[in-house]
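Trainee: Could you walk me through one of the interfaces in this model, and then a pocket?

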Amino acid sequence: MTDTTRNVLLYALIGLTGLLAPSLAPAFRIQMALLWMMILFALTWDLGGGQMGYNSFGNVLFFGIGCYAPAVVQRELFFAVEGQPQATGDLATISPAFNYFNGFALGLTLAVIIAVAVAAGLGSGILGLRGQYFAICTLGVGVAAGEIASGWDYIGAGSGMVAPIFPGHPSQAALFFYYLFFVLAVICFFTLKRLYASRFGLAINAIRDDEDKAEAMGVHTTRYKAIAWCVSAFFLALAGGAFGHLNNFIDREVAFPGITFGVWMVLMAILGGKGTLWGPVIGATIFHVTQELFWTYLLGWQRVALGVLIVVIVVFFPLGIMGWLREQWPEKFGETVDLEARAAPVSLGEGR
Amino acid sequence: MTPILEVQGVTKAFGGVIANDNISLTVPKGSIVGLMGPNGSGKTTLFNSIVGYHPVDRGSITFEGREISRLRVPEIARLGLLRTFQQTRIYGMMSCLENMQISVPDTRDGLRTMFSKVPPAVTQQAEGLLEFVGLYAKRHLRAGELSFGQRKLLELAMALMHEPKLLLLDEPTAGINPVLINSLIDRLKRINADLGVTLFVIEHNIRVIMKLAEHVYCLTHGQLLADGPPDEIQTDQRVIDAYLGA
Amino acid sequence: MLFFLLMVDNLSLLFNAPILSAQLLVDGILIGAIFALVAYGMALVWGVMDIINIAQGEFVMLGGYVTFFLAAAGVHPLYTVPAAAAALYILGWALYRTVVFRVVDKDMFISILATFGISIVLQQLANELFEADVRTAESGLGSLFFADGLIVVSQIKVVAFICALVLGATLFLFLKHSRLGRAIRATAQNARAARIMGVNTDRVFATTFALNAAICGAAGSLVVMTWLVHPYLGLAYTLRAFMIVTVAGLGNMASVILASLGLGAAENFAGFVLGTEYQAAFVFSLLVAILVWRNALLSRQRKYLK
Amino acid sequence: MAKVVKTRAWAVLGAVALVLAVGGPASPKVEGDTIILGAAVSLTGKYSTNGKNTQDGYELGVKRINEMGGVRVGGKYYKIKVIYYDDESTPARGAQLAERLINQDGVKFMLGPYSSGLTKAIAPVTEKYRIPMVEGNGADRALFTQGYKYMFAVLSTSDQYLREAMNLAAEQAQKQGKDPKTLKVAMAFENDPFSMDVRDGVLEDVKRLGMKIVIDDKLPPEINDMAATLTKVKAVKPDILVVSGHARGATMAVRQVSDMKVDVPMLAVTHCDSAKVAETLGKAAEYALCASQWDRSLSYKDRWFGMAEEYAKVFEKEFRYDPPYQAAESTAALLVFVDAFERAGSFDIEKVREAIAATDLMTFYGPVKFDATGKNIAKPMVLYQVQDGKYKVVAPTKWAAAKLIHPIPPWSKR
């Protein structure tokens, strides 16, 4: 078997598992949907944090925008029509069903537009900062966004919003959101795979390794940085929209979960190995499963265990699983030296 | 010969310390010009001013007749004026080949080129240049694993990948195995002659600069002390005094 | 709409009764003194060890619990400040010896995450061991009245303020004049050089980290006397210390203290004018604005914040 | 690169397989002679004080009922068991755990979580799976405007928490010959679903009584200091200060009002009993009005616990603290289920739901009777005033154990 056929087979196998999983374990649909969401989180964070070296704590901002936008669209479009009781601007169900999906699709589009616009707008200012200043600044943006959301009456302020309930049986809803997240994660994966193989990928790696050098070599660093952040924003907004509708209830804590999802996306990427394509996927999978196990078997102490896990991960595996593998077997990662050159002393060749 | 770079009356101070004081010099197109001077005489500061690393306090810098003293680093680089660093800078986590591939000039970066894969022609060119500096066998190794001298060569190759018009080299032979220095000088001359790249070189090693440069400027205490052909400079008493610290 | 009306009301209230500004300012500055302690400890660790300690707020919280439990056992809370500092010193030392020393030379981001993990563990352990009840310790001190009782300052806040100043000054003198203090400062400037000169940097790091924990513990002790303590108190202090240090820069004690007092006052005014719901939003937007603005200024000289 | 893809892909596959293996098989709602209920409660996070009260309330009910032989359904006696998960006081986690209880653990009957926010997150889940949920801690009225058919609340809605206080203020004003319309109201509410609904209730009363709002602050959930708000209070001198913010809000308000010597004729707060303000803050808490769903001195009675006072004693013995109303209402939620099982005589979900809807039950906690939206319309709130370090019921008049002291004497005279 050649490498390519192997790859195709393995992608097919993972794809098939992903497709069949909800039928194999119907009770776990939501957890598995969230697994794909976690993978998406880790992948999008790694785009900035791992591949570009811009560690962001504020990516939940885009997730939050994604959460709220479709819910607001649903409310504005269909709330009055259905004559729902007007309590605090909540709504429960929408019929006919296609309205739900229309509103949802429209909401997702809006979410993406807003999130990407915000990323581009904020990016010009914030991406000029480097290192810990960038990290702190994004943290500030994430916290401030959550606080503003919890004060803004139009989106329910502190009372939160209720997104419409999926029209149809709950198991269908679980299936719908499972496949939504699955497809999103897969698209995200292949988009990033393609991006990393392009000049864009090289450029953001160069920015990570030495931004001053990249500038000295004339690379349009600002442009690449802004695009990277917009790509993250794009996928996170979609994930947020889907999560908001899956969760049905949206408030500040759901939409801007800085100290849960916000930190987890970083941890998952690091656990798997930041700066690699597969690292975030592996990291997210292991993290999510471990966490679910903690929740089931360590009632009340799960957070303590999680904290210990975090310390262990970053202290003992700062390079992550993929980074560790790469250190062990660099040749497997294509880091080879031509054999005859290994022994020979350095010499200047003749050129071509 | 027409000048490719003209520096006129450039002054740069850091706090109270004047690093460059009213410096004027010219680099003719197609030549190799040397810049020498004892430690702390302001050579690297001048380089930094030229490539836009920091703004100058006074004076003008023109590149191919265009004022560049107000432009920023990447803009100047895209004009075809490139520099290498004294403390070599390469992209450590990327392979040597990738280091080369990203060094293709970013001038026509439309969305198309940004997201397209690296064309085979570029890879070929990169491999050729790696061969030229003797790193072809290590092209798949992470650049961070190279020795200091090898990084220096990689950085040179990266600069060439960019096809610059003027290349500012900050101590290109520092840290290079002495055995290889002659062949490196030869290489630099070929870069100048065959590829048509004008070189402006900071060099400590007098032997190197005498062999390499056609014209040499000497700085001391931030001021231009002397300039002329290498053999003249070599015997200039003021230069000798400056180096001996008299 | 109502929001803006109330905001205008609040503003005019401030203009018509300037004495209110005085009250807000005094309260803000007294709050800021506590921030200053936490921020100064953070700056110390950051400067010396190149580590950003996210567990800062949890140290504060634990210091508060030390005071609470001692007070419950009958000790006057004011006397428990040294006890809290001592207890946290030991904890800080232990944490350094078990975890923190492993991340000293690593990427700063690693230290952020490692201490974040520590903060979760401490917070959740506190939740399990002390329960989540909101606790306070009554100092039994009264309040001071100024300007016909229009300005009220509870004495415990003043005590906290003085304690903060004394602690800060002691620390300053310690760093300046003691042997260990000089070793700490030398390590901060260049750890490798210090090591070559015979400074036991490992011990310096341990002391610094423990010292920081002790400062936070003392701050926590003051917090529980002034306000209250519960296991989830920490984040607010960590975030603010983080902000203060970033804005004020490392190594300059005066600017850290000024920034802390300024932040305390700014928060209070923002809470008054915008309403408390936008207090945090204002403060964090301010942080972002300050950073971006400072960076923009630097970028004119083609530099960036380092 | 290509070769490693293989290893990586296998790692992913392995992990996915692990996901599938997590957790046991879905268990049925009734195992042998045990009825299994599920609840997500806040054992950690900002609500964990009250979350623990909730769990203790459920546990005491379970223990009592099992000790007394269990629930008689269709001639057979069943024991009760509750599966708990920790929602960490976060709505997103709460919703996931509800899914998990229903899908993986096969729970068919749910008990509520603590707080309106969590209930708001969980109710859509139970509703879409048509799983009956009886809850005792989600009081936000927005819960009852959604058309939920499977959610029932034994407590009074949150808008009513401080209404009694507003009425009292109006009464007192009239007694003093003042027009209630001249009263100025200062509000400080935590920015969460529960307190926002308390605020709505106060707003309605303010409108009805024609009073004027002078301060309307929303306290962020992580706030530890309300000096800014209280400075404003001192400046505008309102006649009533109303504060709601779970246990922390109560402690903070009472403590800082005393520290800053804020003089208001009336201070009304929620959650002071679970925050134990009278016990921990001593004199500072004097005269504060506290809204409560329930009190041990009330004369309600049922067959499981007897009088409210007896419930309180059993609870104290078991858990070593005075039961706050959050525990009592949780126990009551369980009793509603027990009653419904017995009347339905089956575990059929629809029958149980109908039985719950038709509940007309007297419990130690008070009468329970649901309207069409699922809220309890039979039970009134009570209002305490802290007098001499004790919580004394001052309203409604029917249960008043002490006379309201109004206005609160200024700090200079205390």
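Mentor: Chain D and chain C bury about 3,100 Å² between them, with carbon and sulfur atoms giving 55% of that area; buried area is the accessible area (1.4 Å probe) that two parts lose on being put together, summed over both. This is a predicted model, in which local features need pLDDT of at least 70 and side-chain atom pairs count only at pLDDT 80 or more, while totals for chains, interfaces and linings use all residues. Residues are numbered from 1 along each chain as its sequence is written, chains are lettered from A and ligands numbered from 1 in the order in which they are written, and side-chain values use heavy atoms, with hydrogens and water left out.

Trainee: Which three residues supply more of the area that chain D buries against chain C than any other three?

Mentor: Those are Asn224(D), Lys232(D) and Arg255(D), which supply 20% of it.

Trainee: And how many salt bridges are there between chain D and chain C?

Mentor: The count is one, where a salt bridge is a side-chain nitrogen of Lys or Arg within 4 Å of a carboxyl oxygen of Asp or Glu. It joins the side chains of Asp133(C) and Lys276(D), at 3.2 Å from N to O.

Trainee: Switching topic, how much space lies in the second largest pocket?

Mentor: About 870 Å³, a volume being the space filled by probe spheres set on the grid points, which are joined across faces, edges and corners. Of its 36 lining residues, the closest to the centre are Glu215(A), Arg72(B), Ser299(C), Arg302(C) and Lys303(C). On a 1 Å grid over the protein atoms alone, a pocket is an open set of points where a 1.4 Å probe fits, with protein on both sides within 12 Å along at least five of seven lines, and lining residues have an atom within 4 Å of a point.
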